[in-house]
Amino acid sequence: MGGPAPVLVAVAHGTRDPAGVRTVRLLLDRVRALRPGLRVECGFLGLAAPAPGDVLERVAGPVVVVPVLLGPGYHVRVDIPAVLDAAGAGHRAVTAPALGPDPLLAEALSGRLREAGWRGRAPGAAVVLAAAGSRDPAATAATRAMAGLLGTRLGAPVVPAHLGGPLPPPAEAVAALRRRGLPGPLAVAPYLLAPGDFARRAGSGRGADAVAAPLGAHPAVARLVLRRYDEAAARAARPVPGARPAGAVDHGSRSRTGR
């Protein structure tokens, strides 16, 4: 029989906005409700406590680190591995990929759009997907891919935008859709997890007919966190080709030493 399930250590970006921190904690409460008995901890990469390293210090045994981040980028590639190294947890931890892009996020985004009153079946309807933005080309490519997934789900054009990055800002994207002759309704869908500065900037709308709320503790996001956990835990449990089972004796070495 196997041992206890690895601890899920969620690593979020962090924000000074208390509502943003509460939102992340509500999301993880929903994860716990979906998987009773699973230990779920949370750390923030900055601007909020506790830090991931502090969380890892109080967790014994195997760990699955799930970045509660929407796309690949510096935090996933550099910051989280550095935290694991500093905590000496690399030998007992496996890290899942970022949450996005994923069809479950398209489900959550479409739900938030419906809550905001956007009706995609109307002629000329379109959406601007407003992501935080990153200089990392992989992160920009992931935002474009997420826009494609959302467009497929909605059956309407979805244009990716950045609140701070190489893609046009949401207001410019909305204006470009208007120039294309799309009368609307046009909506802005913040591709953000929680309230904070970026969410406030996305919420200004600037020409949009509707602005959705951040993803928050949407049930589809909670299911995605568990999917990333399960995939990473299964990967860690698979035997490494050529590795011996724990406790196995290397008879060849024994014969060479004469013992």
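**The pockets and their surroundings**

Mentor: In this predicted model, the largest pocket has a lining of 41 residues, and those lying nearest its centre are His13, Leu69, Ala132, Leu192 and Phe198. Four elements each contribute two or more residues to that lining: α1 (18-34), α3 (74-87), α5 (137-154) and α7 (197-202). The volume of the largest pocket is about 1,000 Å³. By residue class, its lining consists of 21 nonpolar, 15 polar and five charged residues.

The second largest pocket has a volume of about 240 Å³. Its lining is formed by Ser110, Leu113, Arg114, Trp118, Arg119, Gly120, Arg121, Arg153 and Leu154. Here the elements that supply two or more residues are α4 (103-115) and α5. Of these, α4 gives the most, with three residues. The lining of the second largest pocket divides into three nonpolar, two polar and four charged residues.

Aspartate 136 is placed in the loop between β5 (126-131) and α5. Is this aspartate buried or exposed? Its relative accessible area is 12%, and because the limit for a buried residue is under 20%, aspartate 136 counts as buried. Leaving aside residues up to four places away in sequence, aspartate 136 touches Gly73, Tyr74 and Arg77.

Charged pairs provide the next part of the picture. The structure holds 13 salt bridges, and three of them may be taken in turn.

Arginine 32 is partly exposed, its relative accessible area being 32%. Aspartate 29 is likewise classed as partly exposed, at 42% relative accessibility.

Another involves α4, the helix that gives the most to the lining of the second largest pocket. Arginine 223 and glutamate 107 form a salt bridge through their side chains, with an N to O distance of 3.0 Å. Arginine 223 lies in helix α8 (residues 219-237) and glutamate 107 in helix α4, so this pair ties together parts that are 116 residues apart in sequence. With a relative accessibility of 35%, arginine 223 is counted as partly exposed. Glutamate 107, at 23%, is also counted as partly exposed.

A further salt bridge joins the side chains of arginine 178 and aspartate 209, at 3.2 Å from N to O. Arginine 178 is found in helix α6 (residues 170-179), and aspartate 209 in the loop between α7 and β8 (210-211), so the pair links parts that are 31 residues apart in sequence. Arginine 178 is partly exposed, with a relative accessible area of 30%, and aspartate 209 is partly exposed at 48% relative accessibility.

The bond from glycine 100 to proline 101 is cis, with omega near -5 degrees. Proline 101 lies in the loop between β4 (93-95) and α4, the latter being the helix already named for the second largest pocket. The bond from alanine 49 to proline 50 is also cis, with omega near 5 degrees. Proline 50 is located in the loop between β2 (40-44) and α2 (52-57).

Leucine 47, too, is placed in the loop between β2 and α2. Its phi is positive, at about 70 degrees, although the residue is not a glycine. At 48% relative accessibility, leucine 47 counts as partly exposed.

Methods:
Residues are numbered from 1 along each chain as its sequence is written. This is a predicted model: local features need pLDDT of at least 70, side-chain atom pairs count only at pLDDT 80 or more; totals for chains, interfaces and linings use all residues. Side-chain values use heavy atoms; hydrogens and water are left out. On a 1 Å grid over the protein atoms alone, a cavity is a set of points where a 1.4 Å probe fits but cannot get out, and a pocket is an open set with protein on both sides within 12 Å along at least five of seven lines; lining residues have an atom within 4 Å of a point. Grid points are joined across faces, edges and corners, and a volume is the space filled by probe spheres set on the points. Ala, Val, Leu, Ile, Met, Phe, Trp, Tyr, Cys and Pro count as nonpolar, Asp, Glu, Lys and Arg as charged, and the others, Gly among them, as polar. Buried means under 20% relative accessible area, exposed over 50%, partly exposed in between (1.4 Å probe, protein chains only). Contact means heavy atoms within 4.5 Å. A salt bridge is a side-chain nitrogen of Lys or Arg within 4 Å of a carboxyl oxygen of Asp or Glu.
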